[in-house]
Amino acid sequence: MANPHDTATPPRRRRSDARRSIDAILNAARIVLGERPDATMEDIAATAGVTRQTVYAHFPSRDALIAALVETAAAEYATLLDDADLDTAPPADALAQFLSAGWRFLGRYPLLLNAGAAQIPRPHSDPHDTAPPRLERLIQRGQHTGDFDPSLPAAWLAAAILGLQHTAAAQVATGHLTTHEAEALCLESTLRLCGGQARRRGLS
């Protein structure tokens with residue numbers, strides 16, 4: 001008589017298959033919800049190439065799926081910022097690299113720019129919590145080195161810069177600016193906010 005354990009799917013394989021399904025569902029949610037924030041679980045399942053039942057097996061509700069997607073986005077954003085050399089590059093260069101990381105992130109997760117983003121379930125790890133302290137620390141470093149104007153609080157400048165980048169990205173989404181124009185204007189405006197552009201002109 002055959003041992004039933006000989007034909008059963010090994011636990012490691014089951015975990016691997018489940019991980020692939022979860023990754024496919026999250027990637028489908030990123031794409032579909034970025035294009036259509038009101039997309040259904042059925043829409044996401046179809047894009048992921050799985051059944052609706054499979055989606056619900058991993059994510060019991062639409063809010064649970066979106067919360068998991070936001071956590072995934074936060075982890076990706078943190079990695080982008082880790083790779084941006086924010087703590088050692090010259091402050092103006094680091095600021096440009098911070099913005100560049102933000103553009104790459106927003107390009108992958110346009111859902112977070114949607115007008116209804118405030119209603120997105122907030123998980124434990126949120127991209128909106130990832131960037132501000134790093135940007136504030138970068139601005140403080142630039143203020144201490146004299147690269148940035150120290151007359152305004154770093155926390156205020158960080159909030160203003162993030163808001164500016166979101167506004168610039170929204171201008172791209174509505175067709176008012178090209179991505180290249182928005183990135184250039186955002187960087188120039190950010191340097192002006194921090195006093196970096198004015199300082200460079202004064203030294204030239």
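Helices here are DSSP runs of H or I with at least four residues, numbered from the N terminus. The model shown in every view is predicted.

View 1. The protein has 10 helices and zero strands. Of its 204 residues, 36% are buried. Among contacts with a separation of 6 or more, 65% join residues 24 or more positions apart. The protein exposes about 11400 Å², and carbon and sulfur atoms supply 55% of that area.

**View 2. Helix α3 has its buried residues on the same side.** Helix α3 covers residues 41-48, and its residues M41, I44, A45 and A48 are buried. They lie on the same side of α3 because they cover an arc of only 100 degrees around the axis. An α-helix has 3.6 residues a turn, so residues three or four places apart point the same way. After α3 comes G49, with a positive phi near 75 degrees.

**View 3. The largest nonpolar core has 52 residues**. The residues with the most contacts inside this core are L33, I44, L65, L95, F98, L135 and I139. Helices α2 (11-35), α3, α5 (62-82), α6 (91-108), α7 (127-145), α8 (154-173) and α9 (179-194) each supply at least two residues of the core. In soluble globular proteins, nonpolar side chains tend to be buried together.

**View 4. F98 and the residues it touches.** Leaving aside residues up to four places away in sequence, F98 touches Y77, L81, L86, A131, L135, L138 and L162. One of these, L135, is also among the core residues with the most contacts, as is F98.

View 5. R36 is partly exposed, with a relative accessible area of 38%, and D43 is partly exposed at 26%. E42 lies in helix α3 and R52 in helix α4 (residues 52-58), so the pair ties together parts 10 residues apart in sequence. E42 is partly exposed at 38% relative accessible area, and R52 is partly exposed at 35%.

**View 6. A salt bridge joins E76 and R108**. The N to O distance between their side chains is 2.9 Å. E76 is in helix α5 and R108 in helix α6, 32 residues apart, and the pair links distant parts of the chain. E76 is partly exposed, with a relative accessible area of 27%; R108, at 34%, also counts as partly exposed. The count of salt bridges comes to seven.

How values were computed
Residues numbered from 1 in each chain as written. Predicted model: local features only at pLDDT ≥ 70, side-chain atom pairs only at ≥ 80, totals over all residues. Heavy atoms only, no water. Buried < 20%, exposed > 50% of the residue type's maximum accessible area, 1.4 Å probe, protein only. Contact = heavy atoms within 4.5 Å. Areas by Shrake-Rupley, 256 points an atom, 1.4 Å probe, with all protein chains shown as cover. Arc of directions from axis to C-beta. Core = buried A, V, L, I, M, F, W, Y, C linked by side-chain atoms within 4.5 Å. Salt bridge = Lys/Arg side-chain N within 4 Å of Asp/Glu carboxyl O.
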